[in-house]
Amino acid sequence: MTADHTVALLLDLAFVFVLSRLLGRLARRFDQPAVIGEIIAGIVVGPTLFHGAITTVLFPTAVRPLLSGFANLGVLLFMFTVGLELDRRLLRGTSRTIAWVSVGSVIPSFGFGLLLARALRSSQPTSHTAAFILFLGLAMSVTALPVLARILYDRRIGRTAVGHLAVSCAAVGDVLAWSLLAVVTLLAGEHTQQWRFLVVPPFVLALFLARPLLRRLMAKAEADDSTAGLFAVVLVGLLVSGAVTQWVGMHFIFGAFLFGLLLPKDNYDAVRAEILRSVQRMGITLLMPVYFVIAGLQVDLSKVDNRDLAWFGLIMLVAMGGKFGGVFAAARSLSIRPRQAAALATLLNTRGLTELVILSVGLQAGLLDQELYSLMVLMTVVTTSLAGPLLRLFCPDDSVLNDLGPRHELPTTDLATSRT
């Protein structure tokens, strides 16, 4: 790495940070999650505009691998926060309502995704047909829990019955999504490497056995009023966990998610919150914008023709119809009122950053070509940006979100989670 490359890298990081902040703030002024502006920032500097001239000037080829390294570290930290913020209490003793709406959120959209995959299969580069079909079903059925939480927080509806039901169903969907994505990446991997999966059970057991030690370290950090030592241990554990799952062939995001999920959550809220803030300052604020740029460099909408627009229309139909229709039908079958059912379906149709991470994994695994990846990213932007307007359309008065119907009394929760 030359001195010129170092200068280019530092200037690129500064540019990416400023651009993402500006477009993120602009998105919020239009009542959109900041992640919409950040994704658009990545697309703007990609090959879509001016035949890639912006990309060539701003991001020299020699610097891009270094930016990719920063982007991967950002995703690692993000997935850790997803696991850390996932309240396992939402998954315990789930009510019939939560279980049934979760089924409506996942199964129809997954099924339509499988049908879409059959139609698109011949144009995709992978020889792993089963992995591609499962992957597209997964991509169509995911809900972005962090973006959903941000919407609930911004609109101050996290304590409503609809808000609680939405985040509970999204939590169930998150666990299913990351588990299925692990299976898909294994199916898409080299058969000669799949023996490494035997390492996973003892590794997960080791993480469970390490929890008492982590509890003691958290108790010490609380007593000393200092998280420096604990944060160092957590960071090492996170990096090792990501490295193990990457070596196995599952992708490092699963190790990060698993480590965050298994970190003790029962006590020491202040200590855990400080760890979360430290990770977010480093990961979400600086490194994730780099990830959006790297993802945007793979999006090329300049070559979209009438055939691609037809495919995009079908993708949007599957994405909106499967998720929105499935949730709405499941909610109405439980006698949830129509407006509240529509609001719930709208919230669970947000995809955002979670979808982008999944699509990037599919692109890296060779399951998607650049054309389909670009159309799927565009679908992610559109479905997520529709959440706010549709929510205002269905429930202009937020107070109605507490009234699911006479047969439903769900506990409420306050969400002050994700920043994306």
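Me: What should I know about the numbering and the model before starting?
Reply: Residues are numbered from 1 along each chain as its sequence is written, and side-chain values use heavy atoms, with hydrogens and water left out. The model is predicted, and local features need pLDDT of at least 70, side-chain atom pairs count only at pLDDT 80 or more, and totals for chains, interfaces and linings use all residues.

Me: Why is Ser109 called buried?
Reply: Buried means under 20% relative accessible area, exposed means over 50%, and partly exposed is in between (1.4 Å probe, protein chains only). Ser109 has a relative accessible area of 0%, so Ser109 is buried.

Me: Where is Ser109, and which residues does Ser109 touch?
Reply: Ser109 sits in helix α5, residues 96-120. Helices here are DSSP runs (H or I, at least four residues), as strands are (E, at least two), numbered from the N terminus. Contact means heavy atoms within 4.5 Å. Leaving aside residues up to four places away in sequence, Ser109 touches Gly137, Met140, Ser141, Gly322 and Lys323.

Me: What lies 3.1 Å from a polar atom of the Ser109 side chain?
Reply: The backbone oxygen of Val106 lies at that distance from a polar atom of the side chain of Ser109.

Me: How do you know that Pro146 is buried or exposed?
Reply: The relative accessible area of Pro146 is 7%, so Pro146 counts as buried. Pro146 is in helix α7, residues 145-155. The C-alpha atoms of Pro146 and Leu77 are separated by 13 Å, and the two residues are 69 residues apart along the chain.

Me: What makes Asp31 and Arg392 a salt bridge?
Reply: A salt bridge is a side-chain nitrogen of Lys or Arg within 4 Å of a carboxyl oxygen of Asp or Glu. The closest N and O atoms of Asp31 and Arg392 are 2.1 Å apart, and the two form a salt bridge. Asp31 lies in the loop between α1 and α2 and Arg392 in helix α17 (residues 387-394), so the pair ties together parts that are 361 residues apart in sequence. Asp31 counts as partly exposed at 37% relative accessibility, and Arg392 is partly exposed with a relative accessible area of 37%.

Me: How many salt bridges are there by this rule?
Reply: The count comes to five.

Me: What makes Arg307, Asp308 and Glu371 a network?
Reply: Salt bridges link Arg307, Asp308 and Glu371 in a network. Asp308 pairs with Arg307, the closest N and O atoms being 3.8 Å apart. Arg307 also forms a salt bridge with Glu371, with the closest N and O atoms 3.5 Å apart. That pair links distant parts of the chain, with Arg307 in helix α13 and Glu371 in helix α16 (residues 370-385), 64 residues apart.

Me: Why is Leu22 called exposed?
Reply: Leu22 has a relative accessible area of 55%, so Leu22 is exposed. Leu22 lies in helix α1.

Me: What makes up the nonpolar surface patch?
Reply: Patches are made of residues with over 30% relative accessible area and no salt bridge, where like charges are joined within 9 Å and nonpolar side chains (Val, Leu, Ile, Met, Phe, Trp, Tyr) within 5 Å. Phe17, Val18, Leu22 and Leu286 make a nonpolar surface patch of about 340 Å². Accessible areas come from the Shrake-Rupley method with a 1.4 Å probe, and for residues only the protein chains shown count as cover. Helix α1 (residues 3-29) gives the largest share of the patch, three residues.

Key: A polar contact is a pair of N or O atoms within 3.5 Å; within protein, one must be able to donate a hydrogen and the other to accept it, and residues adjacent in sequence count only if both atoms are side-chain atoms.
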